[in-house]
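The sequence and the structure are shown first, and the discussion follows.

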Amino acid sequence: MTGRTYFIVFCILGALAILSSTMSKTPVLNPFAVSLGTPTDLIGIIAAASTIPGIIVSLPAASLSDIFGRKKVLLFATFIFASAPFLYLGITNWWQLALVRFYHGFATAMFVPVAEATIAERFPAKRGERMAAFNSATYIGRGIAPFLGGSILFITNYGFHTLYIAVAIAGVTSFVIALLLFSENKTNTTINITTQPVNAKIATGQMLQGWLKVARNRGALIVSFVQACQYYAYGVVEFYLVQYMIEIANLNALSVSIVIGMQVISLIVFRPMLGRLSDKYGRRLPIILGCTISGILLFMIPFTTHFALLLAISIGYGLGFVMVISSTSPLMCELTPSNLIGTSMGFLSTIMDIGQTLGPIISGIILATTLAYTGLFTSLTILLITSAIIFTISNINKHHKTNNH
């Protein structure tokens, strides 16, 4: 299989896996949780449950893939994508939903950093472009998910079981493609895997040394902080914007899915272009502008209930968000040693998931106060502008242009 064919099939695999994962939560998770009688002050736990595994396993999984190769980790992740959707069919109360979301979260937690490490390694001369293209493919899945999920809910009058059967079909298909892809691709998907047997003690030592190297890297820490802030906000927007549009703006399920879906489409359209630009001109300016744009637009949400304005804000926020994340991952690779690409992606993913986990929980507490949605979205603006300021004064990547050797 040629490199180009492998990349295309890998992108299809990623798109289906993330379609399955996203459709399990957007826009269904909030109304499903409400229908189960989830207490208002605990509903943020439902939103955060799937991101907690990222904190636990993203870094170890990605580090072990540096040592043993990517294939086994990716296969196990796609197995979870395939199996988790069937568990939703037996849920009868909110804590069961939290447990299923926790299990489902292990799939993305392992898949994304290892997949990004695979691409960064295979295509070093076009790292930003190919990583952006792969992530755009996954965002095609994310983009289809709210439209498809919202349509199913609209047609079936919130038939949750029907929706999760569709989620299962996408997840199982991704697992089958992974089995076929990796059986065809006999060689390891990592180029720096050792050729000698590695015992558990040596592997653990190598893994811990890699973690320390990345954790002591000032640039890596700041980039990870920026990424965490972006996903803190994204996790809140993904969950509570749906609730805002239903409760305050009184939009129906189809309109809600359009607003959320068009945001994701903006990520798909702009991410490869911004990845190429960051390869050519550097990562710094897109990160600063993206944090600022997304922060300003989120501040505007609680002051409008009009569908057209919410749609415009959602698309603009998607553009600001993708300006940042199209540059943070390749920049992270460039700030760390080449033999720690998997570890650097796992570290970035772990810190990102901490942000995405805390976002809905903290925002749920803010929403329960008298500050309500105004306080919720204003807090996101403050966080994103602060991250832009910190990155600006850090001078990371100030004169960077990717070296395409």
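In this predicted model, ring pairs join Y6, F10, F81, F111 and F134 into a cluster. Across the whole structure, a search finds 18 aromatic pairs. One of them is formed by Y6 and F10, which counts as stacked because the ring centres are 5.7 Å apart and the planes meet at 15 degrees, where under 30 degrees is required. Both residues belong to helix α1 (residues 3-23), in which Y6 and F10 are four residues apart, or about one turn of the helix. Y6 is buried, since its relative accessible area of 2% falls under the 20% limit. F10 is likewise buried, with a relative accessible area of 1%.

A pair of another geometry is made by F79 and F175, which are edge-to-face at 5.9 Å from centre to centre, with 70 degrees between the planes. This pair links distant parts of the chain: F79 is in helix α5 (residues 71-87) and F175 in helix α8 (residues 160-184), 96 residues apart. F79 has a relative accessibility of 39% and therefore counts as partly exposed. F175, with a relative accessible area of 21%, is also partly exposed, because that value lies between the limits of 20% and 50%.

Charged groups also meet aromatic rings. The ring of Y6 has the charged end of R122 over it, 4.1 Å from the ring centre. R130 lies over the face of F7, with 4.8 Å to the centre of that ring. Y6 thus takes part both in the stacked pair with F10 and in the contact with R122.

Rolling a probe the size of a water molecule over the atoms shows where empty space is left. Three cavities of 30 Å³ or more are counted in the model. The table sets out the volume and the lining of two of them.

| Cavity | Volume | Lining residues | Classes in the lining |
|---|---|---|---|
| Largest cavity | about 470 Å³ | 31 residues | 11 nonpolar, 14 polar, six charged |
| Second largest cavity | about 120 Å³ | 14 residues | five nonpolar, six polar, three charged |

Around the largest cavity, the residues that lie nearest its centre are T108, V112, R142, M352 and Q356. Helices α1, α6 (94-122), α7 (127-155), α10 (218-247), α13 (307-335) and α14 each supply at least two residues of this lining. The largest share, eight residues, comes from α6.

In the second largest cavity, K25, A47, G235, E238 and F239 lie nearest the centre. At least two residues of the lining come from each of α2 (29-35), α10 and α14. Here α10 gives the most, with four residues.

Helix α14 (residues 341-367) also contains T350. Which residues does T350 contact, leaving aside its neighbours within four places in sequence? They are G54, I55, S58 and L59. T350 is buried, because its relative accessible area is 8% and the limit is 20%.

Conventions:
Residues numbered from 1 in each chain as written. Predicted model: local features only at pLDDT ≥ 70, side-chain atom pairs only at ≥ 80, totals over all residues. Heavy atoms only, no water. Buried < 20%, exposed > 50% of the residue type's maximum accessible area, 1.4 Å probe, protein only. Contact = heavy atoms within 4.5 Å. Phe/Tyr/Trp six-rings, centres within 6.5 Å; stacked < 30°, edge-to-face > 60°. Lys NZ or Arg CZ within 6 Å of the ring centre and 35° of its normal. 1 Å grid on protein atoms, 1.4 Å probe; cavity = no way out; pocket = protein on both sides within 12 Å on 5 of 7 lines; lining within 4 Å. Points joined across faces, edges and corners; volume = space filled by probe spheres on them. Nonpolar A, V, L, I, M, F, W, Y, C, P; charged D, E, K, R; others polar.
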